[in-house]
Amino acid sequence: MNAGDRIHVERGAHAYEGVLLPSSTPDHLVVKLDGGYNVGIDREDATVEVVETDVYDVESAQDEEGTSTVEFDESLPTVSLISTGGTIASTVDYRTGAVTAQFDAEDVLRAVPDLAGMANYRGRVVANILSENMTPAVWQDLARAIHEEIEAGADGVVVMHGTDTMQFTASAMAFMLDTPVPIVFTGSQRSADRPSSDNVMNAVSAVAAAKSDAAEVMVCMHESESDDRCALHRGTRVRKNHTSRRDAFETVGAEPLGTVDYEAVSESDPSSTDGVTFHRKHAQRGQTELALHDELETDVELVKFTPGTDASRLAALDDAAGIVVEGTGLGHVDTDWIEVVDDLTDDGTAVVMTSQCLDGRVCDRVYDTGRDLLAAGVVEGEDMLPGTAKVKLMWALANTSDVADTMGEPLAGEIQAQSRPWT
């Protein structure tokens, strides 16, 4: 029995039939079922019958050493692929059935052969973690790596990242880097072993966007549930709005910056940028001089106010350098919180007010509560997303002398001139 054989497996009351795949552990069989899904089966007490030999040539899918081979073409741009982990760079651990981050950037190239010929690639691994384990320290490592890649001549950067915290990391890069080239984040909602995986289309579209003229930090993910287009979201305005749909990401308060037509990209000359369309004003390639501002104040908290939350919860953060509050409506909290806010700001803690509403901006000049909050020293967060405001406050405390002015100034598209519904 060898990888590539079609086998029938029975274990207990369950029976499976499909193509035997290589396994990362000798204790488990990995079978690709006819429906496209992979299944891991404990070998113990399993009965295996070879139905047909060599129905699939597994070995020809990779070279003898199991590494990707990318030839340099002087006519193509150079795109740096930076991996941080996540589902797009993951495999299934058949001991537990869970998805784990295991692949490096070269593995992604081998897993997505459609990328071949679109660009010259440089691969780099900054971290190999699921995105719930992302930290500000990794943000700093990533910003430095991106800076080094661009400084070394990369014409664009694609960052492979888990989707759950991608919006935070994209925001961090937008504040920490002045970039003359596109920096495109992408990931996948569904792992490569699933027939509905979005990893190929997202990766191809992200590379296409990395060759474009938009020198922005962007997130490239499915625009809809269909495999037709990816949306390009500004990194400071994007939010993951669904736990599992492939089109989970949306730009809040505006339309996406642009779109990538997957079919057009796939059928066009590999050296072209056909299929990438921008609908809104954006920074142009080469317009900004490369710079790195990677200092962060990590002692910043994001607090969500809900009815009945005791003010002592906020008071417990009296040693924090900064606090972002997710208030109700226009930016309100229980009046019992106001005295605590006053004490915090008197002691030097920066307190920024945002709204837990999905759209619109903070305005603490309408009601008495808001006016009292302003008198207590609260800084209005305009229409910034709460997560973006936290990242910006971390950056502002470490890099600027007037935090209040910085928080009210649009630096990377995080604040819009007007608040408009995006649906």
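Strand E14 (residues 229–234) and strand E17 (residues 258–261) run antiparallel to each other and pair over four bridges. Within this pairing, Ala 231 has Thr 259 of E17 as its bridge partner. All of this comes from a predicted model. As a reminder, strands of a sheet pair through backbone hydrogen bonds, and they can do so in parallel or antiparallel fashion.

The two strands belong to an open sheet of eight, with mixed pairing and the order E9-E6-E10-E12-E13-E14-E17-E18. At the edges stand strand E9 (120–125) and strand E18 (276–278); each has a single partner strand, so one side of each lacks a neighbour in the sheet. Ignoring direction, neighbouring strands are turned by 25° against each other on average.

Now for the helices on this sheet. Helix H2 (residues 136–151) lies across strand E6 (78–83), E9, strand E10 (156–160) and strand E12 (183–186), and runs at about 165° to E6. Helix H4 (residues 199–210) lies across E6, E9, E10, E12, strand E13 (217–222), E14, E17 and E18. Its direction is at about 150° to E13.

What about the cysteines? A disulfide is a covalent bond between the sulfur atoms of two cysteines. With a cut-off of 2.5 Å between sulfurs, the count here is zero disulfides. Cys 220 is a case in point: its nearest cysteine sulfur belongs to Cys 230 and sits 4.2 Å away, so Cys 220 is in no disulfide, given that the sulfurs would have to be within 2.5 Å. Cys 220 counts as buried because its relative accessibility is 0%, whereas Cys 363 is partly exposed at 26% relative accessible area.

Further along the chain, two loop residues are worth a look. His 332 is found in the loop between strand E21 (322–327) and helix H7 (336–346). At 14% relative accessibility, His 332 counts as buried. Leaving out residues up to four places away in sequence, His 332 touches Phe 305, Gly 327, Met 353, Asp 364, Tyr 367, Thr 369, Gly 370 and Leu 373.

Val 378, in turn, sits in the loop between helix H8 (368–375) and strand E23 (379–380). Val 378 is buried as well, with a relative accessible area of 7%. Val 378 and Asp 364 are 14 residues apart along the chain, and their C-alpha atoms are separated by 9.2 Å.

How values were computed. Residues numbered from 1 in each chain as written. Predicted model: local features only at pLDDT ≥ 70, side-chain atom pairs only at ≥ 80, totals over all residues. Heavy atoms only, no water. Buried < 20%, exposed > 50% of the residue type's maximum accessible area, 1.4 Å probe, protein only. Contact = heavy atoms within 4.5 Å. Pairing = 2+ DSSP bridges. Axes fitted to C-alpha atoms, helices over the stretch in contact; angles between N-to-C directions.
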